[in-house]
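Here are my notes after a look through the model. Have the structure open while you read them.

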Amino acid sequence: MTLRAGLIGHPVGHSISPRFQQAAFDAVGLDVRYQPWDLQPGELEGFIDQLRQNDALGANVTIPYKEAALRHMDGLHETARFVGAINTIVNNDGHLQGYNTDVTGFQRSLTDAGFNPSGANAVLWGAGGAARAVAWALIWRGIESLTIINRTAVRGGRLRHDLASASAGAKLRSMGADDEAVPAALQHADLVVQCTSIGLKGGETEGQLPFDPNWLADATFVADLIANPVETPFVRAARGLGCRVLGGLPMLVYQGAAAFELWTEREAPVDVMLAAAHAAMSERES
Ligand code: NDP
């Protein structure tokens with residue numbers, strides 16, 4: 001029997017997950033078909049329900065369903081509970097378990113890039129779902145302090161409040177993107193993570209920068225979660241200032257590799273997945 005897995009979202013046509021997940025299943029010789037599952041909001045609950053069938057391994061979940069899908073799970077891993085959103089569903093004999101592998105995906109991409117967050121002063125630019133996953137990833141890796149900066153200050157304040165319940169001693173603060181303390185916060189950061197959609201290809205802010213990159217210190221490690229384009233204008237600008245930089249593609253692949261391992265209980269062929277992801281992106285960018 002051919003098993004199935006796929007990506008639930010809307011839209012999903014732009015996603016490269018089907019490319020690198022299918023490459024992974026093929027590389028390890030598993031008879032699995034990974035498909036894009038583009039759903040209208042009214043279809044979500046019924047679609048998730050049929051993932052309990054025995055030919056379904058589970059699913060990845062992307063925008064805009066990461067929070068809505070969580071409500072239809074039979075159980076949640078603690079990362080998903082803390083973040084308040086899922087990006088992976090695992091079908092265990094009809095019991096659907098929700099996970100958030102963005103957390104480990106980000107941690108692994110940071111480690112791979114040679115940055116150890118333990119004891120670091122970090123700034124998050126953004127306070128949406130991805131910022132939540134990154135915030136927990138950094139807190140669980142022992143950061144010293146976290147400053148959340150967001151266009152909508154109240155949303156940043158909400159994230160700070162939620163993190164405070166289990167921040168294990170990390171100093172937390174939040175401010176609006178127009179706060180006069182923003183340049184100093186950026187100047188003193190060891191790590192800045194750009195977690196907004198500013199600069200996303202095809203979006204309203206394509207080609208734009210989240211803030212003036214001259215506010216960055218050259219010793220700061222700069223990460224941008226955006227995977228498309230592979231190098232955003234922000235990453236390019238930070239690199240030009242002498243900062244060490246990390247784009248969003250490794251995180252995208254590592255969150256997918258973690259999902260693959262949950263579905264199959266096998267080690268993911270990460271090199272195959274990274275190569276397939278880079279090939280898919282170069283086709284799109286050429
Ligand atoms: P959300 O919609 O939950 O949050 C969007 C964030 O971007 C908010 O902080 C929002 O601010 C901010 N924002 C959006 N537009 C603007 C703008 N014009 N000016 C200022 N701020 C803006 O999205 P997610 O958190 O889920 O995703 C954010 C990005 O992260 C996406 O680009 C996504 O592709 C990327 N991502 C990458 C992953 C990877 O594996 N590499 C994984 C997950 C996400 P406000 O609150 O003020 O609206």
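**Notes on the ligand, the pocket and the rings**

1. Start at the ligand: one of its oxygen atoms lies 3.0 Å from a backbone N or O atom of Gly129. That is a polar contact (a pair of N or O atoms within 3.5 Å). Bear in mind that this is a predicted model, where local features need pLDDT of at least 70 and side-chain atom pairs count only at pLDDT 80 or more, while totals for chains, interfaces and linings use all residues. Residues are numbered from 1 along each chain as its sequence is written, and side-chain values use heavy atoms, with hydrogens and water left out.

2. What else surrounds the ligand? There are 22 residues around it, and the closest are Ala130, Asn150, Thr152, Arg155 and Leu225.

3. The largest pocket holds about 1600 Å³ of space. A pocket here is an open set of points on a 1 Å grid over the protein atoms alone, where a 1.4 Å probe fits, with protein on both sides within 12 Å along at least five of seven lines; lining residues have an atom within 4 Å of a point. The volume is the space filled by probe spheres set on the points.

4. Of the 50 lining residues, Ile63, Ala130, Thr196, Ser197 and Leu200 are the closest to the pocket's centre. Strand S3 (56-61), helix H5 (129-140), H9 and helix H10 (270-285) each supply at least two residues of that lining. Helices (H or I, at least four residues) and strands (E, at least two) are DSSP runs, numbered from the N terminus.

5. On to the aromatic pairs, 11 in the structure (ring centres within 6.5 Å; planes under 30 degrees apart are stacked, over 60 edge-to-face, the rest tilted; for Trp, the six-membered ring is used). Phe25 and Phe260 make a tilted one, 4.9 Å centre to centre with 40° between the planes. This pair links distant parts of the chain, helix H1 (residues 17-28) and helix H9 (residues 249-264), 235 residues apart.

6. Both Phe25 and Phe260 are buried (under 20% relative accessible area, 1.4 Å probe, protein chains only). Ring pairs also join these two with Tyr34 and Trp263 into a cluster.

Methods
Buried means under 20% relative accessible area, exposed over 50%, partly exposed in between (1.4 Å probe, protein chains only). A residue is near a molecule or strand if one of its heavy atoms lies within 4 Å of it. A polar contact is a pair of N or O atoms within 3.5 Å; within protein, one must be able to donate a hydrogen and the other to accept it, and residues adjacent in sequence count only if both atoms are side-chain atoms.
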